[in-house]
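Subject: Structure handover

Hello,

Please find the structure below. My notes on it follow.

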Amino acid sequence: MAFEADRMTGLKLSDEVVLPERDVVLEERRMRTDNDPAARLSEALQATTYVNHPYQHPIIGWEHEIKQLNREDALAFYRRYYAPNNAVLVVAGDVEPDAVKAMAEKTYGAVARADTPPRDRPQEPEPQAHRSVVLTDPRVAQPSVQRSYLVPSYRTGTGREAVALDLAAQILGGGQTGRLYRSLVVDKGLAAGAGAWYQGTSYDATRFGVSAAPRPGVTLDQLEAAMNDVVHDFAAEGPDELELARAKTRLTADAIYARDNQATLARIYGAAWATGMSVDEVNKWPDEVKAVTAEDVKAAVQRYLTLSRAVTGRLSPPAQPEAPAAKAPAKEDRS
């Protein structure tokens, strides 16, 4: 604990330390994003989904802004945010709560509070129109269709909306038993892979995603139309009893098994506190999952998985130019 408290005071930085590290961050961005067409499309989808919220910015930052960072920027950020009054402490293991609390008060109480400003969190307006992002790159070996919907998170959702969306992601994209995989890969043979996901732990409005990659000879138009059909049918029908029960079992089992690992358990509680949830909500989450009905899932899908709330991205190599038509041989002049 003393080591963590020491991180919060007395940091010394020089250009000899900061500038090479800035170059490391730039190189990391080039490797993970700029040189990966799929990552670039994902970044563009996120930036397009959020028109007003800071979530539109990638965590690592934009290249032109990273290049402008210097020693003074790093120190200003450190002094503003690295302080006990802006931190969450999670201790997992065979410890006594009273002893941990006393140690924390003694250790972190000796560190001065920072003048951390209130967070400026401009919110997203209700989306009104379906938007599209198209990225072509000669390095693309596997084309794909990706879509993200603007949806509520666990903190911003009402009632059982968030947990219903979590279950919807499992039903649509839960491996080979998911509706997208069964329909697009197994039944219709249009896709090489398909899935869905939900980022429920965001503090503000978050994203629900679906994606698919076509098999050779299948166009992105065909694949997107088939993907639309799966989502539309799911919204119209809702889940059946078997797939809802399977999704509930998978989610609750994952939560229970996670408690076997102390580090994972600490991260779960830490992430919950940092995003506005309580210990009680974390502990009751498996029961909340079990209480969700098919109608809850159907209502959440109908309300939020609509094209007016979506950004659809397409990734493909550039179209090949058509070969010039062969010239007809000149007719022989026999006059």
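Arg29 is buried, at a relative accessible area of 5%; buried here means under 20% relative accessible area, exposed means over 50%, and partly exposed is in between (1.4 Å probe, protein chains only). Arg29 sits in helix α2, which covers residues 15–34. Helices (H or I, at least four residues) and strands (E, at least two) are DSSP runs, numbered from the N terminus. Leaving aside residues up to four places away in sequence, Arg29 touches Asp34, Glu43, Pro58, Ile60, Gly61, Trp62, Glu63 and Ile66, where a contact means heavy atoms within 4.5 Å.

Some notes on how to read the values. This is a predicted model, in which local features need pLDDT of at least 70 and side-chain atom pairs count only at pLDDT 80 or more, while totals for chains, interfaces and linings use all residues. Residues are numbered from 1 along each chain as its sequence is written, and side-chain values use heavy atoms, with hydrogens and water left out.

Arg139 is partly exposed, with a relative accessible area of 44%. Its contacts, not counting residues up to four places away in sequence, are Asp34, Asn35, Pro37 and Arg40. Arg139 and Asp36 are 103 residues apart in sequence, and their C-alpha atoms are 8.4 Å apart in space.

Next, the strands. Two strands pair if DSSP finds at least two bridges between them. Strand β2 (residues 144–151) is joined to β4 by 7 bridges, and the two run antiparallel. Within this pairing, Gln146 has Ser211 of β4 as its bridge partner, and Leu150 has Arg207 of β4. β2 also pairs with strand β5 (residues 310–316), in the antiparallel sense, over 6 bridges; there the partner of Arg147 is Thr312.

How many of the residues of β2 are buried? The count is 8 of 8. In a regular strand the side chains alternate between the two faces of the sheet. In β2, Ser144, Gln146, Ser148 and Leu150 point one way, Val145, Arg147, Tyr149 and Val151 point the other way, and all are buried.

Strand β4 (residues 206–214) is mostly covered too, with 8 of its 9 residues buried. Besides β2, β4 pairs with strand β3 (residues 191–198), antiparallel and over 7 bridges. In that pairing Tyr198 stands opposite Phe208 of β4.

Finally, the totals. The protein has 13 helices and 5 strands. Its radius of gyration is 25 Å, well over the 20 Å that the globule rule gives for 335 residues, so the protein is more spread out than a compact globule. The radius is taken over C-alpha atoms, and the rule is 2.2 Å times the number of residues to the power 0.38. The C-alpha trace spans about 110 × 60 × 35 Å along its principal axes.

Of the 335 residues, 38% count as buried. Among contacts with a separation of 6 or more, 81% come from residues 24 or more positions apart. The protein exposes about 19,900 Å², of which carbon and sulfur atoms supply 53% (Shrake-Rupley method with a 1.4 Å probe; for residues, only the protein chains shown count as cover).

Regards
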